[in-house]
Amino acid sequence: MRLAKELATRVTPAPTALCVGPLLLVRMTLLQIRKRNVRCPNYALRWRHLDDSKCLFVYCFCLFFLLQVLGRGEKWNGGSYLSAPGGGQKVRLLKSALDDVKEEDKIILFIDSYDVVFSSGPKELLKKFQQARHKVVFSSETLIWPDRHLEDKHPHVREGKRFLGAGGYIGYASNLREMVSDWSGKDDDSDQLYYTKLYIDPEKRKSINITLDSKCRMFQNLHGALDEVVLKFEDGRVRARNVMYDTLPVIVHGNGPTKLQINYLGNYIPKVWTFETGCTVCNEDLRPLSGLKSEYPPVVMGIFIQQPTPFVTVFFERLLQLRYPKSRLSLFIYNQEPHHDQHVRSFLEDHDAEYQAVNDMCRADVDCEYFFSVDVEVVLKNEDTLKILIEHNKMFIAPMMNKPGRLWTNFWGALSADGYYARSEDYVDIVQGRRVGIWNVPYVSLVYLVRADVLRSELKAADLFQSPTLDPDMAFCSKVRDQGVFMYVTNMYNFGRVLNTENYQTKHLHNDLWQIFENPVDWEERYIHENYSKIMKDDVVIIVQIMSSLRPFQLRHLIEEMENYGQWSGGGNVDTRIQGGYENVPTIDIHMNQINFQKEWHKFLLEYVAPVTEKMFPGYYTRAQFDLAFVVRYKPDEQPLLRPHHDASTFTINVALNQVGVDFQGGGSRFLRYNCSVQATKQGWALMHPGRLTHYHEGLRTTAGTRYIAVSFVDP
Ligand SMILES: O=C(O)CCC(=O)C(=O)O
Ligand SMILES: [Fe+2]
């Protein structure tokens with residue numbers, strides 16, 4: 001509950017009256033059409049408003065139309081698509097706009113704008129209008145609305161949709177004037193009902209000369225027709241295709257509850273993203289950040305720790321690497337996992353002074369232009385992430401992050417009917433980078449940048465609790481969407497990845513050591529030497545010493561883990577490790593299986609040591625089997641050395657866990673037959689040698705300090 005509340009505060013501005021249905025009146029004459037392809041910067045016309053009193057309509061302005069936005073700046077009183085029928089305001093606005101139209105034969109296209117996408121231009125539209133051989137053509141609908149009792153009164157059509165949609169129509173000025181002349185309704189009366197009544201009245205229908213675009217040649221209303229519409233990629237452009245009637249509608253309308261689908265189509269149509277060009281809008285309307293630190297917008301970064309998460313210390317190390325002036329970055333750390341208290345505390349102790357700590361997210365009293373929300377399981381590999389996101393200049397944008405080798409990401413391409421995950425057709429292509437761009441999506445989690453106005457303006461925390469079934473991220477996204485704010489995700493850069501938090505055990509001292517299965521990429525970055533893969537590639541194998549193993553700094557994890565376990569044994573006891581009649585030479589040690597690390601250690605041997613074996617001993621293939629793998633401790637006053645012996649192995653690897661000359665003096669392995677001593681194995685390097693016969697060997701005396709080695713008898 002505490003978490004839910006905290007999340008609620010983090011995500012909730014208060015609701016405002018919805019401004020639905022600004023409209024767009026397009027007056028066209030053939031003369032005004034220029035021979036130019038349709039190209040508007042943003043075909044999904046959508047309003048955004050940040051203040052209750054007036055709606056700011058963001059609309060597309062195409063130069064070749066004479067385009068008039070009706071109701072711009074005026075408060076919308078026409079209802080919402082979620083509530084009762086409305087839309088009368090549109091008729092009133094049209095009626096008065098028509099007063100200014102002098103030419104009776106002017107062709108006027110009337111469409112809703114905020115949920116409409118043009119997929120082609122006026123030339124095609126006019127041609128199709130003329131082919132319809134009527135003076136007024138309305139868009140058609142599958143579903144009858146708002147009055148289904150009128151169904152029988154509708155004329156039958158041979159093929160196609162029978163009902164009228166008021167969201168789009170085209171006609172001559174004089175006929176439209178006749179059509180709206182009788183309007184005396186209120187702003188929240190239904191425009192659709194008004195037009196429907198004219199249409200089903202045979203006389204009116206005839207005198208105004210109305211028909212329906214039944215087969216969606218001009219207008220596609222998506223409500224009730226989602227299955228009929230697919231994207232059609234043409235040469236350098238994208239259209240919607242109605243597969244039921246095999247038509248290519250010019251205007252696509254996300255009417256009713258199909259807003260997410262129109263957003264989806266709007267990611268492509270008409271030329272937003274094409275196979276030939278890739279993304280054409282990704283570099284528009286940018287907000288370049290100059291080199292001047294003072295001009296970087298103030299950002300509150302919220303860091304959320306909601307469950308035990310691996311590599312939290314690495315997360316904080318990365319945070320320090322983020323390229324953004326720290327003077328412009330405030331931190332809000334919300335940790336609800338006691339296990340991580342120490343990590344947060346030690347980060348703050350060391351770096352508090354560099355950042356501004358804040359106790360709130362990005363609300364009225366905090367100086368911030370953006371809120372950058374990052375959950376701690378996000379691996380921010382790209383140090384420019386924040387800068388890149390700000391430069392995209394969106395209200396809400398997230399960097400795409402995925403789990404390595406999986407299709408799991410921090411965004412959903414579509415929602416199911418009940419609001420959960422659904423896979424969009426393009427999801428896999430976006431995740432795998434075959435389609436690159438900025439995508440308007442219905443759901444984002446884990447990491448995103450949101451403009452402070454979005455958080456400040458609206459949602460009330462209490463609203464979230466009205467749907468206790470919805471998880472906080474889902475509730476947050478739906479609130480953002482309800483504000484008319486598009487949520488974008490970009491895969492234009494490689495930003496990083498998301499950790500797997502499943503099965504993360506916190507019972508060890510250094511739990512990250514156990515993450516080789518769950519988070520192999522992060523495990524490798526943390527524990528394997530950065531030159532490992534280079535050495536494997538370059539085919540450089542130094543005869544005795546091979547760099548194979550753990551990053552020197554992190555080796556203390558294994559030592560500390562053993563010391564923490566504490567039950568060193570061996571020494572005087574009988575040790576079963578030597579078989580076959582050789583003398584027992586037990587060491588003071590702790591076995592990997594004693595700390596439940598044998599599976600992980602095997603994986604490590606298999607992944608990182610076996611390939612080296614194949615270079616060292618050509619023709620010998622190992623599956624890195626072992627019965628015995630352990631950490632040995634040598635001390636002058638405990639066990640200082642190991643007498644000559646053979647190992648119960650085909651080959652042995654012996655990793656130096658700490659530093660000769662610093663942590664201890666002396667030590668090393670001596671091979672008696674060759675009188676060869678390896679006495680200064682660098683920390684993190686492994687000695688690899690055959691176990692029997694030819695490599696009779698001993699452990700040399702440790703004269704001061706404590707020497708630790710990790711020994712594995714491979715292929716016993
Ligand atoms: O001390 C060394 O380096 C040799 C250890 C060894 O041979 C063993 O543990 O079997
Ligand atoms: Fe040995």
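## The annotated span

In this predicted model, the end C-alpha atoms of residues 625-716 lie 8 Å apart, and the span is 0% helix and 52% strand, where helices (H or I, at least four residues) and strands (E, at least two) are DSSP runs numbered from the N terminus. The unreviewed UniProt entry annotates residues 625-716 as "domain: Fe2OG dioxygenase"; UniProt positions are given in the numbering used here, feature names are shortened, and annotations may be inferred rather than shown by experiment.

## Around ligand 1

Ligand 1 is surrounded by T587, V632, L642, D647, N654, S669, H697, G699, I709 and V711, a residue being near a molecule if its C-beta atom, placed from the backbone, lies within 6 Å of it. The elements that give two or more residues to this shell are β37 (697-699) and β39 (707-714).

By class, the shell has four nonpolar, five polar and one charged residues, with Ala, Val, Leu, Ile, Met, Phe, Trp, Tyr, Cys and Pro counted as nonpolar, Asp, Glu, Lys and Arg as charged, and the others, Gly among them, as polar.

## A three-stranded sheet

An open sheet of three strands has the order β4-β11-β8, with mixed pairing, and two strands pair if DSSP finds at least two bridges between them. Its edge strands, β4 (116-118) and β8 (219-221), each pair on one side only.

Strands β8 and β11 (residues 251-253) run parallel and are joined by three bridges; in β11, I251 is the bridge partner of F219.

## Conventions

Residues are numbered from 1 along each chain as its sequence is written, while chains are lettered from A and ligands numbered from 1 in the order in which they are written. Local features need pLDDT of at least 70 and side-chain atom pairs count only at pLDDT 80 or more, whereas totals for chains, interfaces and linings use all residues.
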